[in-house]
Amino acid sequence: MSITISPSLLSVDFLELKTELERLNQIDNLWLHLDVMDAHFVPNLTFGEPVLNKIKNISKHKLDAHFMVTNPDMFADSFKDVGLHNFTFHWEAITHHDRLIQKLKSMYPSVGISLNPSTPISAVPKYIWGKVDLVLLMSVNPGYGGQKFIPEIIDKLIELDQIRHTNNFKFQIQVDGGINDQNAGYLIQAGANNLVAGNYIFSEPNKNYASRINKIR
Ligand code: DX5
Ligand code: ZN
């Protein structure tokens, strides 16, 4: 599987959003990771559908939305015209997982589920793995950019990669939080094929984001 890098918009200079998106347009083969937070599921509030509607007009990249919200079902409807490529919701947020996955499958090209650091792989029944396009393993507690990577999630990554391999499932494994050029190699070796990075990419002092992205690659 090829490796996708998904810069997280959370760490850009929002006062320069258009310019930042144009900078990313100079780099090929990215996903643009969009962290939607509702101040309920996580203690932070970010952006919603009106902002994403503007972003889609500028960014050339596939839009990868990560919903850290208590009611992803509601967001599925309100975001339906934003042109998202991938819609990821948190396993911990809801009860009727299968129902929501079926609904999302009819609305979005790619559907993902996300697990918090403390949620075990065994929380998800095996039949679900065959229904999703992406599994996001959080490697920080969700809510903020710039936090420290939690190395214990590597065991979960190995376990999930094993499940994928043994059953020939096709989902991507995305890891999100605290990723940099030091830990990316281990994560890819352990089975990750989609890496989200915010602070590491956007803290490049000369705004040469391609150099940081290439280091991760
Ligand atoms: C955290 C978000 C992440 C975050 C990653 O809740 O889901 O996508 O922006 O940013 P860094 O790479 O700075 O940890
Ligand atoms: Zn995220």
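User: What makes the link between the side chains of Glu20 and Arg23 a polar contact?

Analyst: The separation is 2.8 Å, and a polar contact is a pair of N or O atoms within 3.5 Å (within protein, one must be able to donate a hydrogen and the other to accept it, and residues adjacent in sequence count only if both atoms are side-chain atoms), so the pair qualifies. This is a predicted model, in which local features need pLDDT of at least 70 and side-chain atom pairs count only at pLDDT 80 or more, while totals for chains, interfaces and linings use all residues, and side-chain values use heavy atoms, with hydrogens and water left out. Residues are numbered from 1 along each chain as its sequence is written, with chains lettered from A and ligands numbered from 1 in the order in which they are written.

User: How do you know whether Glu20 is buried or exposed?

Analyst: Its relative accessible area is 2%, and buried means under 20%, exposed over 50% and partly exposed in between (1.4 Å probe, protein chains only), so Glu20 is buried. Lys18, also placed in helix H1, has 51% and is therefore exposed. Glu20 touches Val12, Asp13, Lys207 and Tyr209, leaving aside residues up to four places away in sequence, where contact means heavy atoms within 4.5 Å.

User: Which residues of helix H1 are buried, and what puts them on the same side?

Analyst: In H1 (residues 17-25), they are Leu17, Glu20, Leu21, Leu24 and Asn25. They cover an arc of only 150° around the axis, which places them on the same side of H1; the arc is that of the directions from the helix axis to the C-beta atoms. Helices here are DSSP runs (H or I, at least four residues), as are strands (E, at least two), numbered from the N terminus.

User: Why is the site of the zinc ion (ligand 2) called octahedral?

Analyst: The angles among its six donor atoms run from 71 to 168°, and six donors count as octahedral if opposite donors are over 155 degrees apart and all others between 65 and 115, so the site is classed as octahedral. The coordinating residues are His33 (NE2), Asp35 (OD), His66 (ND1) and Asp176 (OD), at 2.1 to 2.3 Å, whereas donors are N, O and S atoms within 2.8 Å of the metal (3.2 Å for Na, K and Ca), and sites may look incomplete without water. His66 lies in strand E3 and Asp176 in strand E7, so the pair ties together parts that are 110 residues apart in sequence.

Note on methods
Four donors count as tetrahedral if all angles lie between 85 and 135 degrees; four count as square planar and six as octahedral if opposite donors are over 155 degrees apart and all others between 65 and 115; anything else is irregular.
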